[in-house]
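This briefing goes through one protein model by topic.

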Amino acid sequence: MSDENPLQPPWLNAPPVDPYPYEESHDLRVGPKLHPSLDGLLPYIGVWRGRGRGGFPSVEDFDFAQEIRISHDGRPFLFYESRAWILDEQSRPVRAAGREVGWWRPVFDGERVTDELEALMTTPTGVMELYIGKRRGTQIEFATDAVLRTATAKEVTAGARLFGIVEGALLYAQEMAAMGHPLSPHLSARLIRVGG
């Protein structure tokens with residue numbers, strides 16, 4: 001048995017560390033080499049910005065702008081970050097809207113990468129969605145396998161998302177089942193590449 005005090009671990013008085021030493025990039029011309037398992041997702045990597053329309057059976061339709069950043073650090077997954085803001089009739093920002101972060105991971109069959117994907121998406125409003133999906137060319141279709149919520153989050157029970165690269169733009173449509181409503185259209189947008 002050690003005489004060291006467990007409340008005084010050896011790292012407590014250690015010197016500071018340098019910044020995180022590993023690079024992450026949304027631009028394939030710089031940064032780490034893309035993991036070979038992500039070759040089929042290569043068209044998605046970048047910074048995307050554009051407009052969309054939202055609504056739900058219990059929500060009035062609204063226009064929004066959005067920026068999505070999809071990056072990698074050389075390992076076999078992509079980092080996904082989205083932030084949106086509501087627009088008025090003159091396309092001026094009204095207020096901040098939805099945010100989420102997540103990871104897209106290819107599914108392996110032994111050493112071979114498949115066209116199947118797993119995605120984990122998390123919002124600051126207390127909802128975490130686990131999606132299972134499939135890539136067909138430059139199209140990805142996801143459906144929830146599980147939805148977890150904090151005690152104070154809105155009741156979201158299922159979701160579906162369709163992503164595609166069409167004529168160089170990132171298009172998506174998102175459906176949601178929530179607050180007693182079945183799976184219904186919720187968001188759709190067209191984003192153009194602004195970085196990467």
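Not counting residues up to four places away in sequence, His-186 touches Arg-53, Gly-54, Gly-55, Phe-56, Gln-174, Glu-175 and Met-176. The model is a predicted one. His-186 sits in strand 10, which covers residues 181-195.

**Annotated positions**

- An unreviewed UniProt entry places the feature "binding site" at Lys-154 and His-186. Both Lys-154 and His-186 belong to the lining of the largest pocket.
- His-186 counts as buried because its relative accessibility is 18%, under the 20% limit.
- Between the C-alpha atoms of His-186 and Asp-73 there are 31 Å, and the two residues are 113 residues apart along the chain.
- Lys-154 is located in the loop that runs between strand 7 (139-149) and strand 8 (156-166).
- With a relative accessibility of 58%, Lys-154 counts as exposed, the cut-off being over 50%.
- Val-127, Arg-149 and Met-179 are in contact with Lys-154 when its neighbours within four places in sequence are left aside.

**Arg-190 in strand 10**

- Strand 10 also holds Arg-190, which is partly exposed at 46% relative accessibility.
- Apart from neighbours within four places in sequence, Arg-190 is in contact with Gly-50, Arg-51, Ala-169, Leu-170 and Leu-171.
- Arg-190 and Gly-74 are separated by 116 residues in sequence and by 27 Å in space, C-alpha to C-alpha.

**Nonpolar surface patch**

- A nonpolar patch on the surface is formed by Val-101, Trp-103, Leu-120, Met-128, Leu-130, Ile-132 and Leu-148, and together these residues have about 520 Å² of accessible area.
- Strand 4 (93-109) and strand 6 (127-136) are the elements that give two or more residues to the patch.
- Strand 6 supplies the largest share of the patch, 3 residues.
- Met-128, one of the patch residues, is found in strand 6 and is partly exposed, with 31% relative accessibility.

**Salt bridges**

- Glu-24 and Arg-69 meet through their side chains in a salt bridge with an N to O distance of 3.3 Å. Because Glu-24 lies in the segment before strand 1 (46-56) and Arg-69 in strand 2 (residues 59-71), this pair ties together parts that are 45 residues apart in sequence.
- Glu-24 is partly exposed at 35% relative accessibility, and Arg-69 is partly exposed at 23%.
- Arg-99 pairs with Glu-81 in a salt bridge whose closest N and O atoms are 3.3 Å apart. This pair links distant parts of the chain, with Arg-99 in strand 4 and Glu-81 in strand 3 (residues 78-87), 18 residues apart.
- The relative accessible area of Arg-99 is 42%, so Arg-99 is partly exposed; Glu-81 counts as partly exposed at 23% relative accessibility.
- Arg-135 and Asp-115 form a salt bridge in which the closest N and O atoms are 2.9 Å apart. Here the linked parts of the chain are strand 6, which holds Arg-135, and strand 5 (residues 112-122), which holds Asp-115, and the two residues are 20 residues apart.
- Arg-135 is buried, with a relative accessible area of 19%, whereas Asp-115 is partly exposed, with 35%.

Definitions and conventions: Residues are numbered from 1 along each chain as its sequence is written. This is a predicted model: local features need pLDDT of at least 70, side-chain atom pairs count only at pLDDT 80 or more; totals for chains, interfaces and linings use all residues. Side-chain values use heavy atoms; hydrogens and water are left out. Patches are made of residues with over 30% relative accessible area and no salt bridge: like charges are joined within 9 Å, nonpolar side chains (Val, Leu, Ile, Met, Phe, Trp, Tyr) within 5 Å. Accessible areas come from the Shrake-Rupley method with a 1.4 Å probe; for residues, only the protein chains shown count as cover. A salt bridge is a side-chain nitrogen of Lys or Arg within 4 Å of a carboxyl oxygen of Asp or Glu. Helices (H or I, at least four residues) and strands (E, at least two) are DSSP runs, numbered from the N terminus. Buried means under 20% relative accessible area, exposed over 50%, partly exposed in between (1.4 Å probe, protein chains only). UniProt positions are given in the numbering used here, feature names are shortened, and annotations may be inferred rather than shown by experiment. On a 1 Å grid over the protein atoms alone, a cavity is a set of points where a 1.4 Å probe fits but cannot get out, and a pocket is an open set with protein on both sides within 12 Å along at least five of seven lines; lining residues have an atom within 4 Å of a point. Contact means heavy atoms within 4.5 Å.
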